[in-house]
Protein chains: 2
Amino acid sequence: MAKELKDLTKRSEDYSKWYNELVVKADLAEQSPVRGCMVIKPYGYAIWEKMQQTLDQMFKETGVQNAYFPLLIPKSFLCREAEHVEGFAKECAVVTHYRLKNDPNGGGVIVDPEARLEEEFIVRPTSETIIWGTYKNWIHSYRDLPLLINQWANVMRWEMRTRMFLRTSEFLWQEGHCAHETAEESERRTVQMINVYADFAEKYMAMPVIKGVKSENERFAGAVNTYTIEAMMQDGKALQSGTSHNLGQNFAKAFDVTFINKENKPEYVWANSWGVSTRLMGALIMTHSDDNGLVLPPKLAPIQVVIIPIYKSQEQKDAITEKVRHMLEEFRKKGISVKYDDADNRRPGFKFADYELKGVPVRLAIGARDLENGTVELMRRDTLEKETLPLDGIVDKVERELESIQDSLFARALKLRQENTFKVDSYDEFKEKIENGGFFLVHWDGTTETEEKIKEDTKATIRCIPLDGEEEEGVCMVSGKPSKRRVIVARAY
Amino acid sequence: MAKELKDLTKRSEDYSKWYNELVVKADLAEQSPVRGCMVIKPYGYAIWEKMQQTLDQMFKETGVQNAYFPLLIPKSFLCREAEHVEGFAKECAVVTHYRLKNDPNGGGVIVDPEARLEEEFIVRPTSETIIWGTYKNWIHSYRDLPLLINQWANVMRWEMRTRMFLRTSEFLWQEGHCAHETAEESERRTVQMINVYADFAEKYMAMPVIKGVKSENERFAGAVNTYTIEAMMQDGKALQSGTSHNLGQNFAKAFDVTFINKENKPEYVWANSWGVSTRLMGALIMTHSDDNGLVLPPKLAPIQVVIIPIYKSQEQKDAITEKVRHMLEEFRKKGISVKYDDADNRRPGFKFADYELKGVPVRLAIGARDLENGTVELMRRDTLEKETLPLDGIVDKVERELESIQDSLFARALKLRQENTFKVDSYDEFKEKIENGGFFLVHWDGTTETEEKIKEDTKATIRCIPLDGEEEEGVCMVSGKPSKRRVIVARAY
């Protein structure tokens, strides 16, 4: 067994430590010398690329086009929307100078005090301000609308406590910024995009999510409404995985973006913005992986099938390789990404453990005896179950197994969530049960005071008001005041 | 004719003005409110995406993997390699603080003086330092080599004089950073990547390039050798379009990156780095476009074929649309991107001019009479020639035309370069001729003094020592000292 694997902490021992170790051991990312920033390693980046390509295609199918806006935001721009600046101007990277020089006193290279900027720039924490500052020139008439733009970019928020993928000072994301003629159309797009995110999470990441609306307190700074998808991790904590914000006319007013409507009258433009980030990598890892390492849904696995030859002589190896060659072609024809690992400097057992650690969904092992018998050993990463199968038809069999793994992972995650979602009506019961994690469907009186009390008492927050929730008369579990529907409360990442 | 087009300055009047106007009028990019930074608009970004996808595939075919490294570089990292800091630490964006706050004196939001960083960060102008600081942990043995990594990223250099795509403070690029066991292997990779760039330029951008080596003076800061591809723009000026640097062991030594070689001895790692940027967009525009607007090679055109119906009644329009529907499917089956512009709010003449301005390679126009006769009008954007053709077999015909346009654009650009490349032996003749632009094959004594004199006298620089140049005894056109081969001198962007 590979050294790296032996050292992996078990989830039951310390879930948080297990996660941190797994990210590094599976070669996904590592801490960089820059505080709070990570290096995304090739294997981790390959998964992110698959996410990007899929999402990009999904966005484009709804009419969205990509563009690129500046990294640096003038300080004054950030301050134009009052709530926005409260939310984003606090912890950020501030560019104050544009030149270094040699220290005349021999102290090496120093910031040139004469190269101070008249106005400071902020490294974008999000791009609403610079984008709406630009849209002013792009939008004049209803004929210019809707404007459906997305940007793939890096952003920066000076986080004090960071964890790789989940919360880092710099992260990669996409941010969509749409402009519409009417409030209704903008609301429809806001909902459409949270649905795209939910589809992506469920169909590609095999991660069930709950779609809902954020409480006023948890809204995006400057939004009139924020939609979210919330997923349950294996420790019962929630992870907010994507958000879509209806911005009303707030940014249009802040940046004076008007259009001449069909009645020939000037009107402020209606806006929404929506984003997912490399945080999805953290969600993916924590939803499926186990004590043996990463478990990847086939649709996002950079390597879907690995084939490992087991041989004692060059002759045996050659015979296996000959047999495998044809199989590799068949896999590639089907668009299945396959790796044949015939390296001599690592033993089969080491390879087995390594690909388990890396979450490769299907492993095929072929030895000399298999050749004689016309068989191959197949292992599914999700169940770790092995099966000896005829070589004949193995490619079709693997294709079906990949589909089965994708489905099973989703089903398993859904079951976990269902088993850990509780309707609770007593605050005492809630306070006791929350210690073990899980989602709690509770009645809430809708006030920020109650929300903050829950958070103070239990560190749990209102994750969302579920879209598919039913009307139900009840009383707030904290205040006893009337409530019309249940919300989801949980501890969260 | 579209208003935008009527206003486009002619190349012969003012080439530079023509370029600046075209970038904006063709909807490729525009100045942003951030000094020296541009907004890349959806149409421009769609071309860049095609470039990215093609290059990414080409890199991966040579074994390169993508990864991502931090945006911010600690000041001390930049200073580790002596020549590198001289080249890159001068004009850059410096992050000195990590927080804003409300001014207690009511002056709005200000930089919090208490949030000063102990060590300043630089927004990456290029990533050698942060990457080699990371490779130290990744490379221990020859078994870890070669390490072939690429990053798609934004970078920033505080340029004083900027022009969209050609020189902007922030730009998008890719930077490859490879680590090797031997000097020979690293040199081979350096050359391999300049060949990849040349192939991309010639086969996809239809832009002929000269591969060569930079003079010592023009090398990348910290490199032992820089390879370049140089293209000639329509005004006879050179545009450096991609570079590949053999870094020797300079960065390995600066960051103490050693490996145990096959003889079991520690050795510094051998490095190279290579990059192309959104500057290629400028090269693409200036190589092919004309006084009617953009001209795009079909392989990089977001829309390859536009179909415009010409009708006087809804009935006519419906009949045309019916005919076109089948054609659209055929185009899509062939992987040809096609747009059917049946919008009622713009006249055909306006559409014609607009798609000319946007450089769509092939335009098909179909009117009521065409329907009767079973014909269609085809216009090639490169020659502006129109031809009436049978509707039958038009999709195959267009496919051949697209290939022909791709080839013609390359041939035309090559012819321009050949007609404007001169062997010159007298400095007086050179000084006279350089005023009209062009590439000059001249003998040079190999000294920096002569190089600087040429630049001072004529603003021309040594673009490269061509790889395919022949040995030829001669004397330097400036100093009369002996020279063994000709170099290319030109004014450059």
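1. Across the interface of chain B and chain A, 28 residue pairs, both at pLDDT 80 or more, are in polar contact (a pair of N or O atoms within 3.5 Å, one able to donate a hydrogen and the other to accept it, with residues adjacent in sequence counted only if both atoms are side-chain atoms). Strand 5 (residues 91-102) of chain B gives the largest share of the side that touches chain A, namely 11 residues, strands being DSSP runs of E of at least two residues, numbered from the N terminus.

2. The model is predicted, so local features need pLDDT of at least 70 and side-chain atom pairs pLDDT 80 or more, while totals for chains, interfaces and linings use all residues. Residues are numbered from 1 along each chain as its sequence is written, chains are lettered from A in the order in which they are written, and side-chain values use heavy atoms, without hydrogens and water.

3. The rule finds four salt bridges across this interface (a side-chain nitrogen of Lys or Arg within 4 Å of a carboxyl oxygen of Asp or Glu), including that between Arg99(B) and Glu91(A), at 3.4 Å from N to O.

4. Strand 5 of chain A and strand 5 of chain B run antiparallel and are joined by five bridges, where pairing requires that DSSP find at least two; His97(B) is the bridge partner of Val94(A).

5. Chain B superposes on chain A by a rotation of 180° with 0.0 Å of shift along its axis, at RMSD 0.0 Å (least squares on C-alpha atoms of residues with pLDDT of at least 70 in both), which is the relation of a two-fold axis.

How values were computed: Helix = DSSP H or I, 4+ residues; strand = E, 2+ residues; numbered from the N terminus.
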